[in-house]
Amino acid sequence: MTFDTLQVHPHAALLTGGQAALEISQPLGGIWRLRSRPLSGMNGFPPKHSFAVVGAQPLPFTSERLPGSFQFSAGATRLQITEQGSWQLWQEDRPVLSGSGSSGEWLPGSATRVYRSRLNLDAPAAERYFGLGEKTGPLNRRGLRYTFWNTDTLPHLPDTDPMYQSIPFLLVWSQGRVHGLFLDEPARSQIDLACSDPERLTWEVEGPELDLYAILGPTPQEVLERYTALTGRPAMPALWVLGAHQSRWGYSSAEEIRSVIEGYRRHALPLDAVHLDIDYMNAYKVFTFDPQRFPDPLALAEQAAEQGVRLITIIDPGVKAEPGYTTYDQALSAEYLVRTDRGEPLLGEVWPDPAVFPDFTRPEVRSWWGEQHRPLLEAGIAGIWNDMNEPSCASFHSAVDLSEVVGRTLPDSARHGTRRHLEVHNVYGLTMSQATFEALERLRPGQRPFVLSRAGFAGIQRYSAVWGGDNSSYWEHLEANLTMLLSMSLSGLSLIGCDVGGFGGHSSAELLVRWTQLGAFYPLMRNHSARGTRPQEPWTFGQATTDLVRGALELRYRLLPLLYTLMWRANQTGTPPMRPLLWHYPEDPIAASLSDSFTLGPSLLVAPVLRPEHRHRAVYFPSSGWVRVDQLDGQVYPAGFRVVEAELSTIPLFLAPGGILPLAEVAQHTGTAHWDKLTWMLNPATDGRFDLYEDAGDGPLEGELASLRIERHPDRIRLQRSGVAHPGEQLVLLGLPHGASVSASSNETEEALYIEPDSDWSELEIRF
Ligand code: GLC
């Protein structure tokens, strides 16, 4: 691409040359957009409908022509583009990203109009690459390559790719500074991260355009704040969504659902939701219940509600092609279906066989689909689980050229209105979740929708929780899923989880215990397993395991004040609850290399046990002064690696200097959970502050904050409280020298100082 002409418009600049055009704009502060296209046969830039971007508010910037190059600047950032088309982005006079691109080359030998566009980036040896959402492999993706093409895939091996979701968002780490790149192209694309060429990163898209957003940092927090301002912030879940969920493919009658709930209650295991997998439907017809096995869904939902449990139903996109079935008849007559390139509705096979596929890219199809949910909501269903929405398709009844089919899905040439499937494949799940989310908002005003999706694209966080699909009951997956969830966290996703205990294969008692302990920290915690595997309800493993799992579930409910606050933060700023160490310690190269531990929020370090029979593990402390909180040991941990004990009954947890951890009492479900008797665990080694968010647990986000502040002096500590009061609260101070005196009722042990302040306290002083 070469450029010789610069045109300046109010909020965009256009560079054109012999073959290509590049449009430059600043859609939000700290973000530059570079959209390029071939000139031949096209008239400039047609308006684009982005499925991902919702928050652009173009800002003015300065454009200049310099000898041999063009320069665009705004505030402390500067984008320089040479006449040969290579570009460099500067922040405060430091170069941060550089590359070049070519868009719209013809794919040689292709019969249909297929394009390929390619972005090249310099990949200096010291750079590390993070993000890309749900991908297998290590957190740092340097030296690897990946495809973005939503795919129903099983089993998950270390190099299985692509997976169900495509989040074409990359974090570039260089010596502790982090910047982002987002390629807003839903067509199939491949990224090569210094794999084929150790000095080069390439990103190839099967489409005529490259729509690139370069996002400035230099902290992960700033990049994610900007990226989620652009693609949308995570929807705030109702409190019950953060409770424990139980699911299984194979719960095939109302009786069985009742007995699962009864089992939870009989064993005093906390539970908030049960998922109804495909077995509840009548012949896999979505929006129906089997009349024999689920004769009275409303009664079932009401009985569950009496136990504090909500029901969630699975809804797949494949609609059974059966004349007389209303959903099918309506879709067919209104022409809402994906078509073959010959124009007839495409017939494939999912669970229903034959099945047709609604075209969710069209708004009228989304609102029609949304309406279909009305009977489910009338039957008391609380949330919707969207599965198989890559979309997954096992075989075809329509005549299809199989060379056009990549993975278990629809052919590239299938039609979504005027678009080819190739162009919109990766947003199928996103638009289906949008339809579901908007329907729940519309049909049940005042309640926050709960949607869980398997497939996704950038922006899925606006509508839906996502989970990592069909993992297996392998110890290796316990660890691999953790890395994947941390990667998803670095990609704008917050309400995330993986099947606790593993979906495929037979879980063991110990694996279920360790997985539930780690799952207590997943923003979405669901035990789910496949038909044909051994049952995975905790009590099926015996009393000792049930007791251990109960401990982990109770820990989950104690963490709810923190989790709820973190989801609210995610909703306000895009900051994910689960954070790899690099989030808070980007300048520490060791912290940036770790994915077997993480923080939940700013200061709680979680070091799960990921191997069978291990009762110890190594933990890395990025600074000195951490204290242990899962069991109080009176120690203050220095910086660096330490081996810590981890009996089967516990998951090692540590609080950072200045860290504050609010804990609720245990509860059987969120309906009875309350924060009255809050325990605040504090590590007052340094100053600190925590703002706890509280509201009604659902409905509008009109909550209040309860703030606790630590002021550390050499010989004393001042604690200050403001905002919402918790009459029965207790303070537990860790890591203090012995013999401290405090102006409130207190009790000192070897490990901690316990304080029970007056209910209206606002300030306390601790002297030693
Ligand atoms: C898919 C889902 C899984 C579900 C199964 C049956 O494999 O990923 O969670 O249980 O379909 O619906």
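Predicted model: local features only at pLDDT ≥ 70, side-chain atom pairs only at ≥ 80, totals over all residues.
Where is Ser491 found?

Ser491 sits in the loop that runs between helix H9 (475-489) and strand S32 (496-497). Is Ser491 buried or exposed? Its relative accessibility is 1%, and because buried means under 20%, Ser491 counts as buried. If you set aside residues up to four places away in sequence, Ser491 touches Gly131, Leu132, Gly133, Ile167, Phe169, Leu224 and Tyr227.

Let us step back to the whole protein. Its secondary structure comes to 13 helices and 51 strands. The radius of gyration is 27 Å, close to the 27 Å that the globule rule gives for 768 residues, so the protein is as compact as a globular protein of that length. Taken along the principal axes, the C-alpha atoms fill a box of roughly 80 × 75 × 45 Å. Of the 768 residues, 63% are buried. The accessible surface comes to about 26,700 Å², and carbon and sulfur atoms account for 49% of that surface. What about contacts along the chain? Among those between residues at least 6 apart in sequence, 67% join residues at least 24 apart.

Asp470 has a polar side-chain atom 2.5 Å from an oxygen atom of the ligand. For His528, an N or O atom of the side chain is 2.9 Å from a ligand oxygen atom. For Asp387, the corresponding distance between a side-chain N or O atom and an oxygen atom of the ligand is 3.1 Å. How much of the ligand does the protein bury? Taken alone, the ligand exposes 310 Å², and the protein buries 97% of that.

The backbone has some details to visit as well. Start in the loop between strand S12 (145-148) and strand S13 (165-166), where Pro155 has its place. The peptide bond leading from Leu154 to Pro155 is cis, with omega near -5 degrees. Pro162 lies in the loop between S12 and S13 too, and the bond from Asp161 to Pro162 is likewise cis, with omega near -5 degrees.

Two glutamates bring us to phi. Glu335 is not a glycine, yet it has a positive phi of about 60 degrees. You can find Glu335 in the loop between helix H4 (326-333) and strand S23 (348-349). With a relative accessibility of 49%, Glu335 counts as partly exposed, because exposed requires over 50%.

The other glutamate is Glu613, again a residue that is not a glycine but has a positive phi, here of about 65 degrees. Its place is in the loop between strand S37 (604-606) and strand S38 (616-621). Is Glu613 buried or exposed? At 66% relative accessibility, Glu613 counts as exposed.

Note on methods
Residues numbered from 1 in each chain as written. Heavy atoms only, no water. Polar contact = N/O pair within 3.5 Å; in protein donor to acceptor, adjacent residues only side chain to side chain. Areas by Shrake-Rupley, 256 points an atom, 1.4 Å probe, with all protein chains shown as cover. Helix = DSSP H or I, 4+ residues; strand = E, 2+ residues; numbered from the N terminus. Rg over C-alpha atoms; globule rule 2.2 N^0.38 Å. Buried < 20%, exposed > 50% of the residue type's maximum accessible area, 1.4 Å probe, protein only. Contact = heavy atoms within 4.5 Å.
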